[in-house]
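Me: I would like to go through this structure and ask what stands behind the words used for it. Please set each value against its definition.

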Amino acid sequence: MYDLIVSVSSSRSVATASKTLQSVQSKQACHAHSVLLVHLFTVLTTGLADLRFFGQNGFPGPCEHKYCGLGKHCVVDRETGEGECQCLESCKPHYKPVCGSDGKLYQNHCELHRASCMAHQRITIMHSEECFYKDDNCHLGDYKKLKTEMLDLHAQRYLTPGNHGSHENDMATRKHLVDMMFKRFDADGNRRVDSSELSQVIKQEGLSRTASECTLFDLFKYNDVNDDEHLTREEFYAAFEVYQLSLPEDQKLSVTTVTVGQGAVLMCAITGDQRPPIIWRRNNHALNMLELEEINDFGDDGSLYITKVTTTHIGNYTCHADGYEQLFQTHTLQVTVPPVIRVYPESQAREPGVTASLRCYAEGIPDPQLSWLKNGMDITTKLSKQLTLQANGSEVHISNVHFEDTGAYTCIARNEAGVDEDISSLFVEDSARKTCLGIGNMFYVFYEDGIKVIQPVACEIQRHIKPSEKLLGLQEEVCSQVEGEKDQKCVWTSAVNVKDKLIYATQPLLNRLLIVDIQSQKAVQTVSTDRVPVKLHYDKSHDQVWILSWGDLEKNFPTLQVNQITADSSLSANHHLMPLQQEYWDVLPNYFSCLIIQVYESALLSVCFNDFSFGAFPSDVKLNQHSKGSQWGCILHNWHTLVPHNA
């Protein structure tokens, strides 16, 4: 007995296969002692036919080798005796859900193909979740409840009675329990759990009879990360919240120090594979859930960002992985504040032999350390029974003052955030020549390194306002760094005293005026001007400050601005006069001072003069502009006296 297999390719016809069959049958007649069975298996849909010979009496039955396709099977017609293809009456119970192209979910592949046959339409398998969860009512809360029930169920099975609830707080126990669950679910031991294996667990545990909207198949919905319809051990860990989280012992407490006004970043040191989102808390409130303007970005790495730190942010912050409050890190945020200093009194006059006290009040975080200078020299070298420091160094006490005690006493406050200083002036004079030298009797001298306040009698520097000093209550500096300049220095061209309250000074490279408060001896404000302001004049009668600007360093675009002084001695908005005519401009920058003479109700005569000449320039009061026409503008040279006279 022997077998012969012949393959007939799709290029051959079925008739060729018939001829081959006839040839085989003739061989059977010639070899009576040998039985050659023929099996002709023809698949016309693919164009491939296999001719098989095997040992069997007679030919195959009508359905034995009839192929009907998926979702169908062959049924023998009792009347004709021939095999016919009909739709399957039922499928074997097996739950491996698949999505159909008709948008429906089927229990397995067989049910999908059976439905295709019954409906007489083509239904294919869709590898997506569009229909898988279309009518799913399993919500996240129910899903978490199901997982808790599964953990408790297996804890009773695998853990000792005394440790049934230990998996809730102990991560090692939880990991061991989930490992046992995965081993049980992975029936074929291929390290991947599929839907058929889940269906077996559902059947064994009777979970299909529960009233919950969630089933174990929802593990694919929430935790099948790569959507391959299998669950790995790592995906199982993520589903049942097994995380290998760690926090170094030396990082459980972290201290961060930031200066007020700066930004802060608090980084959570809890690490681990597939770490859950980080939750930040302060005063038992989850900051992630609050809409805070200054705390609005937690970053991809779980860091806490504070955009602009204030003293309200001082305190403790904790971070932990979501769901794992037992492992947390504490951050202590410390905020430093630069010192703010005030002295009292700012100036005082004393007769010889009396007592004088100079007090210094300083605030800051941490508490500033105080020190005193007298005329720029450390006062501690001069301490004696007559000159002492009291109240923890905040007060200079001088008993039986002498003339040599006259001077500028500078209080300096320092902490790690910065330095501040202020001056208290003491004048010692006898009653015969005592003058009321107050803070307003000082000279203000403008240098490249700032402004120095000088007491004229003793010719002592009472205060030095440096270029880098901040304006009172602002972030602007007295002399900002000019682009292209290596050193931070000041450039001045003119200054005027306004009502013995304020000093206005031009800063041509910064296109602005700097305003210094005489009482506090501090720079308090800046006012923008036209480009390159070079000359100022204060008109007391009209409370106006006139500003002459060049426009550029080549004096190509000269302008005059008039600023009205308000009731609080500040400047109002600038008013521009008409552009200066060339004949006026050529000489005006050389004049030292100007007078404003009212000629009649609506007209002014701007009279500017120096040692050798004066010029008269007509202006309109109401329009704040030069009067049209230059016929009565004039420049006189070698003048001696100007007497304004109103007719």
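Me: What makes strand 25 and strand 26 a pair, and in which sense do they run?

Reply: This is a predicted model, in which local features need pLDDT of at least 70, side-chain atom pairs count only at pLDDT 80 or more, and totals for chains, interfaces and linings use all residues. Residues are numbered from 1 along each chain as its sequence is written, and side-chain values use heavy atoms, with hydrogens and water left out. Strands are DSSP runs of E, at least two residues long, and helices are runs of H or I, at least four residues long, both numbered from the N terminus. Two strands pair if DSSP finds at least two bridges between them. Strand 25 (residues 450-455) and strand 26 have five bridges, in the antiparallel sense, so they meet the definition of a pair. Across this pairing, V453 is opposite R463 of strand 26.

Me: Why are strand 24 and strand 26 called edge strands?

Reply: The open sheet has three strands in the order 24-25-26, with antiparallel pairing. Strand 24 (443-447) and strand 26 (460-465) each pair on one side only. From one strand to the next, the twist averages 25°, where axes are lines fitted to C-alpha atoms and angles run from 0 to 180 degrees between N-to-C directions.

Me: What makes strand 28 mostly covered?

Reply: Buried means under 20% relative accessible area, exposed over 50%, and partly exposed in between, with a 1.4 Å probe and protein chains only. In strand 28 (residues 502-507), six of six residues are buried. L502, Y504 and T506 point one way, I503, A505 and Q507 the other way, and all are buried. In a regular strand, side chains alternate between the two faces of the sheet.

Me: How many bridges join strand 28 to strand 27, and how many to strand 29?

Reply: Four bridges join strand 28 to strand 27 (residues 495-498), and six join strand 28 to strand 29 (residues 512-517). Both pairings are antiparallel. N497 has I503 as its bridge partner, while Y504 is opposite I515. The hairpin of strand 27 and strand 28 has three residues between the strands, and K499 in that turn has a positive phi of about 60°. Between strand 28 and strand 29 there are four residues, and N511 has a positive phi near 55°.

Me: Why is helix 5 described as largely enclosed?

Reply: Eight of the eleven residues of helix 5 (residues 195-205) are buried, so the rest of the structure largely encloses this helix. Among them are L198, V201 and I202. The buried residues pack against helix 3 (140-158), helix 4 and helix 6 (218-223).

Me: Which residues touch the most other members of the largest nonpolar core?

Reply: A nonpolar core is a set of buried Ala, Val, Leu, Ile, Met, Phe, Trp, Tyr and Cys residues joined through side-chain atoms within 4.5 Å. The largest one has 51 residues, and L216, L219, F236, F240 and W280 touch the most other members. Helix 4 (residues 171-185) gives the largest share, six residues. A second, separate core of 17 residues includes I465, V478, C490 and L514.

Me: Where is confidence lowest, and where is it highest?

Reply: pLDDT is the predictor's confidence in each residue, from 0 to 100. The chain has a mean of 75, and 72% of its residues reach 70 or more. Confidence is lowest in strand 3 (residues 48-52), at a mean of 29, and highest in strand 21 (residues 395-398), at 95. Where pLDDT is low, the predicted coordinates should not be read in detail.

Key
Contact = heavy atoms within 4.5 Å.
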